[in-house]
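The sequence and the structure come next.

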Amino acid sequence: MKIAVAGGTGVVGRYVVAALRARGYEPAVLSRATGVDVTSGAGLDAALVGAETVVDVSNITTTSKSAAVTFFDRAGRNLAAAAGRAGVRHLVSLSIVGVDRVRLGYYAGKLRQEAIVKEGAVPWTILRATQFHEFAGQVLGGIPGPVALVPSGRVQPVAAREVGEALADLALGEPRRMAPELAGPKVESLPDMARRLIAAGGARRRPVVPVYFPGGMSAGGLLPSGPGPRGAQTFDEWLATPKA
């Protein structure tokens, strides 16, 4: 079975590719490095010839609502259309827990992506996962100044590797539409995660001040809303693991 991974060189994509290889498959990696651009559609038709399943973990790094919506709309439509032309039988897409409850610009883009997948002709599975362990570092990286004003609130971070493995498992199964939400093993305070990351040398040393963030983020909107699979690696275990 041919499986294509859009965004297969990214944070999660590389783990999807590794997990599929460990299961005996050689996935086709769709990225600009392999001559495929999901935002323009260039190279998509050729890359999907013979593919039965597509895993979409394509991504953009932005906090801009317009940039996120534009990217996920173009990429989502191009991928769904090409998958339909190729006769793909299963489209697996990664989304975020709380994407419909937390008002962030990036989340608006992911909601657009979900809608395109659901409205398309290709049978689908959407996996919503919680924030990755890298989230605290990403938040700190976007905050300038001598004091880090970190959004208050709780998160349940999960290892990107475990998300990749879960997506690989879904890709090898039948379409499930909305899969149970995937979360990490432990609820954490985001400001406390930021402090521990700084103490471990993973971010610039400075005071962390919790700040209430409107739009659901500080009100538990990033936590899973029901039962589902839980990862094994905690944030502290991730901190203690050497990074590549």
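## Second largest pocket

The lining of the second largest pocket divides into 7 nonpolar, 3 polar and 4 charged residues, where Ala, Val, Leu, Ile, Met, Phe, Trp, Tyr, Cys and Pro count as nonpolar, Asp, Glu, Lys and Arg as charged, and the others, Gly among them, as polar. This is a predicted model, in which local features need pLDDT of at least 70 and side-chain atom pairs count only at pLDDT 80 or more, while totals for chains, interfaces and linings use all residues. Residues are numbered from 1 along each chain as its sequence is written, and side-chain values use heavy atoms, with hydrogens and water left out.

The second largest pocket has a volume of about 300 Å³, and of the 14 residues that line it, Arg14, Tyr15, Glu134, Trp238 and Lys243 are the closest to its centre. On a 1 Å grid over the protein atoms alone, a pocket is an open set of points with protein on both sides within 12 Å along at least five of seven lines, a cavity is a set where a 1.4 Å probe fits but cannot get out, and lining residues have an atom within 4 Å of a point. Grid points are joined across faces, edges and corners, and a volume is the space filled by probe spheres set on the points. Both α1 (13-22) and α6 (160-171) supply at least two residues of this lining, helices being DSSP runs of H or I with at least four residues and strands runs of E with at least two, numbered from the N terminus.

## Largest pocket

The largest pocket has a volume of about 1300 Å³ and is lined by 46 residues, of which Asn59, Ile60, Thr61, Tyr106 and Gln138 lie nearest its centre. At least two lining residues come from each of β4 (90-96), α4 (105-119), α5 (135-141) and β6 (148-151), and α4 gives the largest share, 4 residues. By class, this lining has 25 nonpolar, 17 polar and 4 charged residues.

## Cavity and helix packing

The count comes to 1 cavity of 30 Å³ or more. About 40 Å³ of space lies in the largest cavity, which is lined by Asp56, Gly76, Leu79, Leu91, Gln113, Ile116 and Val117. Two or more of these residues come from each of α3 (65-86) and α4, with α4 giving the most, 3 residues.

The axes of α3 and α4, lines fitted to C-alpha atoms over the stretch in contact, come within 7 Å and cross at roughly 20°. That makes α3 roughly parallel to α4, because angles under 35 degrees count as roughly parallel.

Definitions and conventions. Axes fitted to C-alpha atoms, helices over the stretch in contact; angles between N-to-C directions. Parallel < 35°, antiparallel > 145°, perpendicular 65-115°, else oblique.
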